[in-house]
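Trainee: Hi! Could you walk me through this one? I'm new to it.
Mentor: Happy to. Let's get it on the screen and start.

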Amino acid sequence: MHNPDGIYRPMILVNNQYPGPLIEANEGDTIVVHVQNEATNATAIHWHGIYQTGTPHMDGTVGVTQCPIAPGRSFTYEFTVTGQSGTYWWHGHQGLQSSDGLHGPLVIHGKEERTLQKIPYDTDRVILLSDHYHDLSSALLWQYLMPDMENAEPVPETGLINGRSFRSCDDYPDRRCDNTTANVGRARISLDRNKNHRLRFINVGAFAEFSVQLDEHEMAVTEVDGTDVLPVRYHRLNLSPAQRYSIIISSNVTSADNFWLRARMITNCFTDPPKTLQSDTLAVVRYADGADADPTSKDWEEQLAQDCKDMNTTELVPVETVAASTEPDAVFYLRSNFEIGAYRLSRGFFNGSSWRATADNPTLHRSVDGLNSDRANYTAARASSTIPADGLANTAFVNDRAFEVNSELVIQTTGVQTIDILISNFDDGAHPYHLHGYKFSVLAQGHGQPPLTSVGAAINRESLSPLYDTLDLTNPLRRDTASVEGYGWILLRVIADNPGQWAFHCHVSWHAEAGLLMQLLTNTDGLADITIPRTNRDLCAADGIDKGMGPKDDDYIEFAK
Ligand SMILES: [Cu+2]
């Protein structure tokens with residue numbers, strides 16, 4: 001039991017701490033993490049934003065790249081971080097374990113960090129923002145998937161900054177509470193005066209979007225999801241779940257010695273918030289030689305942006321220019337929505353496919369094996385696919401032969417392909433989509449229907465010509481998590497060159513668990529060179545790997561009786 005805000009609840013601790021430890025490495029390093037699972041459920045750890053070039057089996061995604069690590073078992077992750085730097089994080093990728101505490105920051109220092117970061121800085125630190133629930137995610141998930149609960153995601157009670165907050169025990173008379181222990185209370189950050197400080201914000205929460213600010217300090221954004229960008233100054237930043245922004249602030253404000261750091265949940269994203277919701281979380285930033293008192297610093301005058309969507313990133317430009325081509329090899333159109341599925345449960349769908357993970361048969365294992373022994377099912381699908389690509393290129397297709405397309409939607413590519421993914425969101429909630437193994441470019445996004453030449457026609461490069469003609473492809477922002485707003489659309493560009501099987505999913509954990517996950521099986525030629533280690537295969541044979549799998553649709557029949 002742990003009490004980050006005073007209220008005790010069961011949590012997953014790593015090395016007996018919450019949040020989990022910072023992993024810090026230099027570009028080119030090999031990271032080795034020994035995981036000993038002492039919990040009651042099976043688990044896996046995903047390294048969010050890490051390319052895993054040559055080691056897709058170390059991506060840590062249950063049902064996709066590995067079987068879960070059974071209770072009492074251990075597993076060693078080992079991967080080399082090359083061709084990337086910046087701010088990342090690690091988290092459980094089995095069910096909603098991340099929301100139960102299984103997460104921490106991961107920072108990679110690039111070889112060129114000091115030249116790609118255009119504002120010199122004296123200190124460097126991580127600030128984790130999280131939405132915090134008082135109940136175990138498994139109990140909340142069970143309720144969320146129930147009939148008639150669609151669009152009513154569980155709403156958090158409190159925000160945490162670096163794993164800390166403070167609640168009055170009087171607000172929760174029925175809960176065990178102690179807000180006097182050392183781990184409870186506002187986070188306090190001490191900064192030397194008249195210096196530049198890099199703050200790396202990471203939204204490690206399950207659901208809430210945060211607006212963050214440091215009173216009376218402008219924040220110069222210099223990094224987005226591991227991409228160094230030319231500095232742009234803001235008063236406030238909005239972070240959707242799993243997104244990261246680095247900012248530089250100067251500790252040269254003379255009006256006070258102490259300032260509020262405010263992390264505010266965008267409550268418009270919540271359907272039915274509890275009366276006990278404390279949506280604003282405060283931390284204290286103190287100039288180190290100043291008086292230690294509660295801040296009286298001023299909020300910015302402009303109104304809080306309350307839209308449930310990503311902040312406008314069109315003015316954020318990568319330092320390293322990578323132009324995007326005007327002609328993708330293929331365009332895929334994905335419709336994401338929530339439907340009442342079997343047993344009237346609310347489930348998330350991409351093009352009618354709703355993901356269900358298997359504990360003992362991850363798709364990557366099947367692909368590596370299949371490409372060696374059953375190649376027909378990996379190549380014939382191109383001709384037979386019932387969900388065709390746009391026909392521009394015969395190089396990317398939905399593989400509905402090797403995979404059960406109702407629960408495993410897999411787009412497959414060979415060689416190096418440029419793939420555009422257009423997503424229409426037919427749901428009123430925002431979806432921060434995350435692609436494993438890559439950064440994508442955000443080419444365009446908007447509200448309503450995407451601009452097409454004709455309604456009802458197959459959507460391809462041609463029907464999207466008016467849109468493509470307006471795109472600025474000189475150097476689009478590259479990141480690994482971008483949100484499509486409610487009833488909106490987004491156009492993403494993936495240079496599909498990384499051999500592996502990669503999850504593409506909504507990072508609202510509730511939505512992913514409802515099925516809003518699909519996969520990209522990319523550069524299959526390169527997969528032939530990859531051998532899945534014995535240790536990874538052995539996980540699949542252990543007793544207890546199915547402990548902690550999400551509720552099955554069938555479970556609700558028993559419940560309804
Ligand atoms: Cu979502």
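Trainee: How many salt bridges does the structure hold?
Mentor: There are 23 salt bridges in the structure. Keep in mind that this is a predicted model.

Trainee: Can you show me one? What does D225 meet in a salt bridge?
Mentor: The side chain of D225 meets that of R244, at 3.6 Å from N to O. D225 sits in the loop between strand 12 (219-224) and strand 13 (227-234), while R244 is in strand 15 (residues 244-250), so the pair ties together parts that are 19 residues apart in sequence.

Trainee: Is D225 buried or exposed?
Mentor: D225 is buried, at 0% relative accessibility. R244 is buried too, with a value of 0%.

Trainee: And which residue does R537 form a salt bridge with?
Mentor: R537 pairs with D369, and their closest N and O atoms are 2.8 Å apart. This pair links distant parts of the chain, with R537 in helix 9 (residues 534-538) and D369 in helix 3 (residues 363-373), 168 residues apart. R537 counts as partly exposed at 22% relative accessibility, and D369 counts as partly exposed at 35%.

Trainee: What about R534, what is its salt bridge partner?
Mentor: That would be D538, with the closest N and O atoms 3.2 Å apart. Both residues lie in helix 9, four residues apart, which is about one turn of the helix. R534 is exposed, with a relative accessible area of 59%, whereas D538 is partly exposed at 33%.

Trainee: Which residues do salt bridges that share partners join into one network?
Mentor: E113, D124, R198, R200 and E223 are joined that way.

Trainee: Switching topic: what are the protein donors of the copper ion?
Mentor: They are H431 through ND1, C506 through SG and H511 through ND1, lying 2.0 Å from the ion. Along the chain, the donors follow the spacing H-x74-C-x4-H.

Trainee: Is C506 buried or exposed?
Mentor: C506 is buried, with a relative accessible area of 0%. H511 counts as buried as well, at 1% relative accessibility.

Trainee: Now the strands. Which way do the residues of strand 21 point?
Mentor: Strand 21 covers residues 410-413, with V410 and Q412 pointing one way and I411 and T413 the other way. All four of these are buried. In a regular strand, side chains alternate between the two faces of the sheet.

Trainee: And which strands is strand 21 joined to?
Mentor: Three bridges join strand 20 (residues 396-398) to strand 21, and those two run antiparallel. Strand 21 is also joined to strand 29 by three bridges, and that pair runs parallel.

Trainee: In what order do the six strands of the open sheet come?
Mentor: The order is 19-18-22-27-24-25, and the pairing is mixed. Strand 19 (346-350) and strand 25 (478-479) stand at the edges with a single partner strand each, so one side of each has no neighbour in the sheet. Within this sheet, eight bridges join strand 22 (residues 417-425) to strand 27 (residues 488-496), which run antiparallel. One of the bridge pairs there is I421 with L492 of strand 27.

Trainee: Back to helices. Which residues of helix 2 are buried?
Mentor: In helix 2 (residues 137-144), S137, L140, L141 and Y144 are buried. Seen down the helix axis, the buried residues fall within an arc of 100°, so they line one face of helix 2.

Trainee: Last one: where is Y378 found, and what does it touch?
Mentor: Y378 is in helix 4 (residues 376-379) and counts as buried at 3% relative accessibility.

Definitions and conventions:
Residues are numbered from 1 along each chain as its sequence is written. This is a predicted model: local features need pLDDT of at least 70, side-chain atom pairs count only at pLDDT 80 or more; totals for chains, interfaces and linings use all residues. Side-chain values use heavy atoms; hydrogens and water are left out. Donors are N, O and S atoms within 2.8 Å of the metal (3.2 Å for Na, K and Ca); water is not among the atoms, so sites may look incomplete. Buried means under 20% relative accessible area, exposed over 50%, partly exposed in between (1.4 Å probe, protein chains only). Two strands pair if DSSP finds at least two bridges between them. The arc is that of the directions from the helix axis to the C-beta atoms. A salt bridge is a side-chain nitrogen of Lys or Arg within 4 Å of a carboxyl oxygen of Asp or Glu.
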